[in-house]
Amino acid sequence: MSPMAVDGSLERLRREGRIVVVGASLAGLRAAETLRAEGFAGTLTMIGDEPYEPYDRPPLSKQVLLGRVPADHTALPRRRAIEAQWRLGVAATGLDPTAKRVALADGTSVEYDRLLIATGVRSRPWPNELEAGLDGVFVLRTRDDATRLRHRLKAGPSRVLVIGAGFTGSEIASVCRERDLPVTVAERGPAPLSGALGSVIGDVAAQLHHQHGVDLRCGVMVTGLEGDGAGRLRRAHFSDGGTVDAEVAVVALGATRNTEWLAGSGLAAGPRGIACDAGCRAFDVRGIVADDVFVAGDVARSPHPLFGYQFLSLEHWGNAVAQAEVAAHNMICRGEERRPHLWTPYFWSAQFGVNIKSVGVPNMADQIIVSQGSLGEHRFTAAYGYQGRVIAAVTFDQAKWLEFYQRQIEQAAPFPPPFATVDRRAEGMRPVPAGFPDPSVPTHGPQVTVSGHSPTDQRVTFTPA
């Protein structure tokens, strides 16, 4: 094919055709903006199951619950006009890759030439439907969830129960204490955040809970929620035989990826997301990559060279943006112009007055070392090691060190770090076990799921093995 013909084919790819984005999310919006910025002039359709245009989720568990920002003021800022056809308030219910058609819940369908799936995750509900339906039982994921919970917290319940001490659960507990509400936190792991950051850091998180007046109960599970004759929540029962009276319970048991609508589509989609290659192209169940279906955001499982090319599922704001931009670029480029998604995982949380940030994949680690600061003062930097190399870092109110450790991770620097600490208060500078729970018993709140090497393998391993 002549260079002129190739250029003409590329120009048609960029200017013609129909692109459908399923998921009116952060990833979906940023992908749409990138498509327009890079010259796509065809038809763009945005499909979302909520009635709202894309909004920002991190403020929901912080500023919105505190009443500082109304939930309807969390719309994502627009980088540019995208001139899209919006299909909001209607969920996608099926995909036919052969006919290139997305089926919708209202009985209609939308045809595409290229498809981006950015359906994200939803909150894992309380497993008992009758108990989940009690007045006073909440989850927190959407704008409407945050609005309902904020109104209930504002009413001043006698006690709030938070089920799960991952990042979301801990942030909700922090909000309750800032509102001066009594709160009990039930966590089946040994400490808050232990599934995401290990028990060494989890012990520090537990201290924060206790110091701020949280009734923290670890190593227990909530076995039942009890209501009164009017269907209102009144009491929770624990696996150790204990009970607590509460008017509000917030279920923070992690997230479920929105892939059920893809059953029968032939894509490698399962409970841990949709497998895709480094260029964000979806795999089918045979491990063959599709060239017209792309994936981005929380719902994606993609291989990462820094972490043994294992498939990572990332519930990270920054990952959603970076992956969406790569996916959009690759949708309208020739193969040689495509680029890989190699974003280093990054996460942050604010709770009990402390700014917690992490980089890399902590829950792959087998060791941890405190390199700056002090655990006791809740102001420190800790590096994680796996098989002799730095694989992650976490900071409590010491974010200035995070960029340095990101470079260490990306350079596969040796662990323990060979440099001496610049802060002589660092505790021992000796590696200790990171203290992640038994991977066969997942705890609440991991932000990174490592799920093996095969794109069609739906088994999940919470490392270390």
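I take a residue as buried under 20% relative accessible area, exposed over 50% and partly exposed in between, with a 1.4 Å probe and protein chains only.

**Entry 1. Basis**

I am working from a predicted model, in which local features need pLDDT of at least 70 and side-chain atom pairs count only at pLDDT 80 or more, while totals for chains, interfaces and linings use all residues. Residues are numbered from 1 along each chain as its sequence is written, and side-chain values use heavy atoms, with hydrogens and water left out.

**Entry 2. Aromatic pairs**

I counted rings of Phe, Tyr and Trp (its six-membered ring) as a pair if their centres lie within 6.5 Å; planes under 30 degrees apart are stacked, over 60 edge-to-face and the rest tilted. This rule gives seven aromatic pairs. One of them joins Tyr 52 and Tyr 55, edge-to-face, at 6.3 Å centre to centre and 75° between the planes. Tyr 55 is buried, at 7% relative accessible area.

I then looked up Phe 167 and Phe 347, whose ring centres are 4.4 Å apart with the planes at 55°, so this pair is tilted. The two residues lie 180 residues apart, Phe 167 in helix α5 and Phe 347 in strand β24, and the pair thus links distant parts of the chain. For element names I follow DSSP runs, numbered from the N terminus: helices are H or I of at least four residues, strands E of at least two. Phe 167 is buried at 3% relative accessibility, and Phe 347 is buried at 14%. I also noted one aromatic cluster formed by Trp 401, Phe 404 and Tyr 405.

**Entry 3. Second largest pocket**

I turned next to a pocket to which α5 and β24 contribute. On a 1 Å grid over the protein atoms alone, a pocket is an open set of points where a 1.4 Å probe fits, with protein on both sides within 12 Å along at least five of seven lines; lining residues have an atom within 4 Å of a point. Grid points are joined across faces, edges and corners, and the volume is the space filled by probe spheres set on the points.

The second largest pocket holds about 180 Å³ of space. Its lining has 13 residues, and Lys 62, Leu 66, Ser 174, Glu 178 and Ala 350 lie nearest the centre. Two or more lining residues come from each of α5 (167-178) and β24 (346-351). Which element gives the largest share of the lining? It is α5, with four residues.

I sorted the lining by class, with Ala, Val, Leu, Ile, Met, Phe, Trp, Tyr, Cys and Pro as nonpolar, Asp, Glu, Lys and Arg as charged, and the others, Gly among them, as polar. The lining has four nonpolar, five polar and four charged residues.

**Entry 4. Salt bridges**

Side chains of opposite charge can pair when their charged atoms come close. My criterion was a side-chain nitrogen of Lys or Arg within 4 Å of a carboxyl oxygen of Asp or Glu. The count comes to 28 salt bridges.

Among them is the pair of Asp 106 and Arg 87, with the closest N and O atoms 3.1 Å apart. This pair links distant parts of the chain, 19 residues apart: Asp 106 is in the loop between β5 (101-104) and β6 (109-111), and Arg 87 is in strand β3 (residues 85-88). Asp 106 is partly exposed at 44%, as is Arg 87 at 25%.

Asp 277 and Arg 281 form another salt bridge, at 2.9 Å between the closest N and O atoms. Asp 277 is buried at 13%, whereas Arg 281 is partly exposed at 22%.

Glu 336 and Arg 334 also meet in a salt bridge, 2.6 Å from N to O. Glu 336 is exposed at 60%, and Arg 334 is partly exposed at 22%. Elsewhere, salt bridges that share partners join Arg 18, Arg 101, Glu 111 and Asp 113 into one network.

**Entry 5. Cysteines**

A disulfide is a covalent bond between the sulfur atoms of two cysteines. I required a pair of cysteine sulfur atoms within 2.5 Å. How many disulfides does the structure hold? I found zero. The cysteine sulfur closest to that of Cys 276 is in Cys 280, 5.4 Å away, which is too far for a bond. Cys 276 is buried at 0% relative accessible area, and Cys 280 is likewise buried at 0%.
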